[in-house]
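Trainee: I have a structure open and want to go through a few spots in it. Can we start?

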Amino acid sequence: MRRVTLGAGREAPVTGLLAEPEGGPGAARALVVALHGGGMSSGYFDGQAHPDVSLLSLGARLGYAVLALDRPGYGPYAGLEPDGRDVAEQAGVVAEALAGFAEGALLLLGHSFGGKVALALAADRAPRGLVAVDVSGVGHRLAVPAGRAARGDGFGARQLDWGPTFGLYPPGTFRASRSVVAPMPRREVESVGGWAGGGADVLERVAVPVRFTFAEHEAWWRHGPDDVADLTGRLARSPRVVVDRLPGAGHNVSLGWAARTYHLRVFAFLEECLAAGGPTGREA
């Protein structure tokens, strides 16, 4: 695993963590590009509290290349864009960064705010080789007031991100996560209501298979039967839409005990899309 910088000539380059299988990039079955949620960084996908929770390590062992990016407003160059960018602007930045990097089959993986960026990328700036999108911790109907996204203190706010009990996470998770937590840029906070208020119309333009995962204790987004039916109904151009539930998990699915299960399902979904070339069907 190594840190990489994409678009080094840009005023604010895009950085990230890259894990590759033995044999290097040419040996990878596909590339997974992972986009973290608000208030995190690329290290979210390389959880250090337990060997089972790192998406990057697991992906490399299974023969995939995994690139976890620091979205605009995060990472070593965060100070160059302190206010951040909205969803559409971030999708453009990531698309440009990947243009000279990605080759072969590619899966976009997004968590929370990163899930919005992944869907916007697929809708309007699809990278070459894109075969599917896999998102967690994001829907289209907020379960809390949009302004709540700006709150970062108090156990009530922590419950939204982490779930009802810290027992969902390996011991040491919160100490190890200090290095991946970052302030959520102002424009990102301000755009939360816009997605729920109509920005999610990007779903109508996504034309690749999509999988949504809702944690058992997901509290930011509504994911009841009616919500899921409306969500999947908006993806009319997608040849396949899958909705999964993840027991024993809070919003931050990639840092908990359920992370390995979730990550294995990500790679299983990718394999299905690679093998079938975009199967049709609706699953929930």
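Trainee: Which residues does Glu81 touch, not counting residues up to four places away in sequence?
Mentor: Keep in mind that this is a predicted model. With that said, Glu81 touches Ala12, Pro72 and Gly73.

Trainee: Where is Glu81 found?
Mentor: Glu81 is in the loop between strand S4 (65-69) and H2.

Trainee: And does Glu81 count as buried or exposed?
Mentor: Buried, because its relative accessibility is 16% and the cut-off for buried is under 20%.

Trainee: On to the helices. How do the axes of H2 and H3 cross?
Mentor: Helix H2 covers residues 87-99 and helix H3 covers residues 113-124; their axes come within 9 Å and cross at roughly 70°. That makes H2 roughly perpendicular to H3, since angles of 65 to 115 degrees count that way.

Trainee: Why give both an angle and a distance?
Mentor: Two packed helices are described by the angle between their axes and the distance between the axes.

Trainee: Is the crossing left-handed or right-handed?
Mentor: H2 passes H3 in a right-handed crossing.

Trainee: Which residues make the contact?
Mentor: From H2 there are Val87, Gln90, Ala91, Val94 and Ala95. H3 contributes Phe113, Lys116, Val117, Ala120 and Leu121. Sorted by class, the contact has eight nonpolar residues, one polar and one charged.

Trainee: How many residues of H3 are buried?
Mentor: Eleven of its twelve, so H3 is mostly covered. Among the buried ones are Gly114, Gly115 and Lys116.

Trainee: What span should H3 have, and what does the model give?
Mentor: At 1.5 Å a residue, the twelve residues should span 16 Å. The end C-alpha atoms of H3 are 17 Å apart, which agrees.

Trainee: What about Ser112, where is that?
Mentor: Ser112 sits in the loop between strand S5 (106-111) and H3. Its relative accessible area is 14%, so Ser112 is buried. Phi of Ser112 is near 55°, a positive value in a residue other than glycine.

Trainee: New topic. Where is Ala182 found?
Mentor: In the loop between helix H5 (173-176) and helix H6 (186-190). Ala182 is partly exposed, with a relative accessible area of 24%.

Trainee: What does Ala182 touch?
Mentor: Leaving out residues up to four places away in sequence, Ala182 touches Gly39, Met40 and Tyr74.

Trainee: And how far is Ala182 from Ser41?
Mentor: They are 141 residues apart in sequence, and their C-alpha atoms are 6.8 Å apart in space.

Terms used: Residues numbered from 1 in each chain as written. Predicted model: local features only at pLDDT ≥ 70, side-chain atom pairs only at ≥ 80, totals over all residues. Heavy atoms only, no water. Helix = DSSP H or I, 4+ residues; strand = E, 2+ residues; numbered from the N terminus. Buried < 20%, exposed > 50% of the residue type's maximum accessible area, 1.4 Å probe, protein only. Contact = heavy atoms within 4.5 Å. Axes fitted to C-alpha atoms, helices over the stretch in contact; angles between N-to-C directions. Parallel < 35°, antiparallel > 145°, perpendicular 65-115°, else oblique. Left-handed = near helix turned anticlockwise from the far one by under 90°. Nonpolar A, V, L, I, M, F, W, Y, C, P; charged D, E, K, R; others polar. Expected span 1.5 Å × (residues − 1).
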